[in-house]
Number of protein chains: 4
Amino acid sequence: MAEGSHTSTSDGAGAEARERTLRVQGRRTRRRLSDAALRVFAKRGYHQTRVDDIVRAARTSHGTFYLYFANKEDLLRQLAIECAGAIEDLATRVPAVGPDADGLAALQEYLGTFLATYGHYGVVIRAWMEQQVSDRDVDRLGVQAFTHLAEAFAARLAESGAPHDRPTVAALTALLERTTYAVTSRDLPLDADAALATLATVVHRGFFVPASV
Amino acid sequence: MAEGSHTSTSDGAGAEARERTLRVQGRRTRRRLSDAALRVFAKRGYHQTRVDDIVRAARTSHGTFYLYFANKEDLLRQLAIECAGAIEDLATRVPAVGPDADGLAALQEYLGTFLATYGHYGVVIRAWMEQQVSDRDVDRLGVQAFTHLAEAFAARLAESGAPHDRPTVAALTALLERTTYAVTSRDLPLDADAALATLATVVHRGFFVPASV
Amino acid sequence: MAEGSHTSTSDGAGAEARERTLRVQGRRTRRRLSDAALRVFAKRGYHQTRVDDIVRAARTSHGTFYLYFANKEDLLRQLAIECAGAIEDLATRVPAVGPDADGLAALQEYLGTFLATYGHYGVVIRAWMEQQVSDRDVDRLGVQAFTHLAEAFAARLAESGAPHDRPTVAALTALLERTTYAVTSRDLPLDADAALATLATVVHRGFFVPASV
Amino acid sequence: MAEGSHTSTSDGAGAEARERTLRVQGRRTRRRLSDAALRVFAKRGYHQTRVDDIVRAARTSHGTFYLYFANKEDLLRQLAIECAGAIEDLATRVPAVGPDADGLAALQEYLGTFLATYGHYGVVIRAWMEQQVSDRDVDRLGVQAFTHLAEAFAARLAESGAPHDRPTVAALTALLERTTYAVTSRDLPLDADAALATLATVVHRGFFVPASV
DNA sequence: CATGAATGAGTGTTCATTCAT
DNA sequence: AATGAATGAACACTCATTCAT
């Protein structure tokens, strides 16, 4: 608060902002802000982003921002919750991947969604990894989501008769994450489609249908 | 935040601060500052770190800081140069990795150094990836170093008769990076030694001596 | 902090600002700020006063203010401590008041200091009464000081053979407080000297030498 | 704080809001707002109180508030007018206070109403003293009311054959005010009834029936 | 009459950087 | 070479007030 406070712990005004039940217009405005934030975060990075940047991108005012979010961190928290949902969704959709061309196609399509989602929520995910989201509960949500995703991969790998031990799955997810990062965060959009095709092939051959030596 | 104010790009006072030839005491003070910075960066992250934090950790004063560095970014730049050297060093040391226990041991020892180095310079590397180091030349140094490292891995993989195409090397380095990150940046010190042993085994089996299906 | 906090609870930076040991220049600057604050508070009232007002009155900068005080409330707290000291001082100086002209003179002189002190710290005292000073310990200091003052009055009244029960003392201090308030806070400086003389006479006759009916 | 922005002095929309003739529901809503304001003011103090606090306490909306009051200050002004009326009322009811038990009883009953009224309008009265009510006319109302009250006391003291010079009356009213303040504003509800009895006794003995020495 | 979303000027606070000693 | 006091631009956040519904 101006008058000697500007408090920003995760409660207080935060709760107030979160708990108010919104009508149509309110929900629309909040969406506009979230979306704008995601865009600006992606461009400038979370820490470099000013509330003013978000507000301008959303074509609204400072005051309006604080009508929906207690502060920048609260916004990140809300985005994180959204993101967790998206990841959980990804986890339920990992397709069965056969050793043939159909398997590759299925994989490629899935990885398309995967890349898109990861690209969309990239900053949030990184913020999570860098522990910027200080809310314990939300943190747990993230851990859960990523665990489920790993489990889903493991299950599909098992179905394919491929190695699916922890380290292998770790290597797979590491690869996916790093690729997404390379494709999305760098300005160099090194032909996302080509990258996708390559990635799909690599994962197909390297993880689902390991070539006999 | 004041982060953007008083910006002074790599020229001006920066040059002055860097080019001054230092005596023994001067060099010692600068080292103290660099070391402190690395420690604090690791704990808080680059952006969250205040010059004040560094100065306090180094038990010196604000004024002194600006005697050795043109500004916070200049410090990061100097650390990046150091880091590039360390990575280049790592690149020259990738050992030959045989399929037997000796190979595993050699690999494990190397990965130990690798983890240590990556752990030490973790923040700098991430800052690099997030394009915080705006100096073109220094950026190039980084790209070079990482390229050399990848080439060294590729060469050793080739020697072992293992797959060493770009994607495989990409997967390998992705795995190494992610593991280091997990081991060092998270507070969970999940027994670095055990992690090291596991990692070595995984890499040995998964990349250097792929099991025949 | 700018970066998403603006925390202002009574600890944290507050402690930092308070505990730093100051040199001559530092102490001088802090004094300049305290004095300026007291002046501006008196003119505008605590809540209406902006940090900017204080800073301008002290001919220094915003940043400097926060070098010495964690925030506006911390400043009030420090002034409160000072004020408590002044009141304690007043308590030790309540003179013996004889029934004659000398007694009146002694009383008048004392009330002069009393009015001056109360005038000086008026805002702080009122802030105390309105519970703006949220620090428990400092609050206690105030209660103590005022208690001591009341006890000192009671003792002198007793010496004079005048009634000195709690309510009488309460009436006496109430009268003093209200008068000070009237004399100092209102812009109407209804001739402070005359007011002082009247007050002294009233208190002398009404409390120390009650006329026989 | 935004406290000074959008100021609109007693004219303009203010007049509009005040002059509109209200129906039953309108009057009820306005009362709800006034009452809520008084309650919240008492708890937080005038300056700390946000329009939002009042509105929430009155279970209505921001928009509605500005339907009845031009702004926060206008609300205070309306309360002040109400309060002036109450004080005038108190002035007409100061009872004759005889030297016996009946006198004491009459006094005590009156002081009960007095305390209640002062407790109810405490914040308004203090706001008056601190010159927060900037409307000249309303200010005059206050001065008048308090003058009448003092005159009424003086008259009753005269009737009782007790001293009733200005300073004595000043001491009496000071005592009453301070006591009210102590009883009402402090959280310490030191048994209002007991306090009342004590106060009545003190005033009776000390002002109406001064003990012969 | 009533509502709650929107606004933005105003204010508190931070922190990179400079400078006198 | 070192210090720590000073600076002020940049930001986060608030809240009185307006307005479309």
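**Contacts, from one chain to the pairs**

Mentor: Start with chain A. Take its contacts between residues at least 6 apart in sequence: 70% of them join residues at least 24 apart. Two residues are in contact here if their C-beta atoms, placed from the backbone, lie within 7 Å. This is a predicted model, where local features need pLDDT of at least 70, side-chain atom pairs count only at pLDDT 80 or more, and totals for chains, interfaces and linings use all residues. Residues are numbered from 1 along each chain as its sequence is written, while chains are lettered from A and ligands numbered from 1 in the order in which they are written.

Chain A has 9 helices and 0 strands (DSSP runs: H or I over at least four residues, E over at least two, numbered from the N terminus). Read from the N terminus, the elements of chain A therefore go α-α-α-α-α-α-α-α-α.

Now zoom in on chain D.

Helix α6 of chain D covers residues 101-129, and helix α9 of chain D covers residues 192-208. Their axes (lines fitted to C-alpha atoms over the stretch in contact) come within 9 Å. They cross at roughly 120 degrees, on a scale from 0 to 180 between N-to-C directions. α6(D) and α9(D) are therefore oblique to each other.

Look at who meets whom. From α6(D) come Gly103(D), Leu104(D), Leu107(D), Gln108(D), Leu111(D), Gly112(D) and Leu115(D). Facing them in α9(D) are Leu196(D), Ala197(D), Leu199(D), Ala200(D), Thr201(D), Val203(D), His204(D) and Phe208(D). By class, this contact of α6(D) with α9(D) has 10 nonpolar, 5 polar and no charged residues. Nonpolar means Ala, Val, Leu, Ile, Met, Phe, Trp, Tyr, Cys and Pro; charged means Asp, Glu, Lys and Arg; the others, Gly among them, are polar.

The second pair is α2 and α5. In chain D, helix α2 (residues 24-44) packs with helix α5 (residues 72-93) at an angle of about 95 degrees. Their axes are 11 Å apart. α2(D) and α5(D) are therefore roughly perpendicular to each other. On the α2(D) side sit Ser34(D), Ala37(D) and Leu38(D). They meet Leu75(D), Gln78(D) and Leu79(D) of α5(D). The residues of this contact of α2(D) with α5(D) split into 4 nonpolar, 2 polar and no charged.

Next, chain D and its partner. The contact takes 17 residues from chain C and 17 residues from chain D. On chain C, the elements giving two or more residues to the side that touches chain D are α8 (166-184) and α9 (192-208). α8(C) gives the most, with 8 residues. That side of chain C has 8 nonpolar, 6 polar and 3 charged residues.

How does chain C superpose on chain D? A rotation of 179 degrees does it, with 0.0 Å of shift along its axis and an RMSD of 0.2 Å. That is the relation of a two-fold axis.

Finish with chains A and B. Here 16 residues of chain B are in contact with 17 residues of chain A. α8 (166-184) and α9 (192-208) of chain B each supply at least two residues of the side that touches chain A. α8(B) gives the most to that side, with 7 residues. By class, the side of chain B that touches chain A has 7 nonpolar, 6 polar and 3 charged residues.

How values were computed: Copies are superposed by least squares on the C-alpha atoms of residues with pLDDT of at least 70 in both. Angles under 35 degrees count as roughly parallel, over 145 as roughly antiparallel, 65 to 115 as roughly perpendicular and the rest as oblique.
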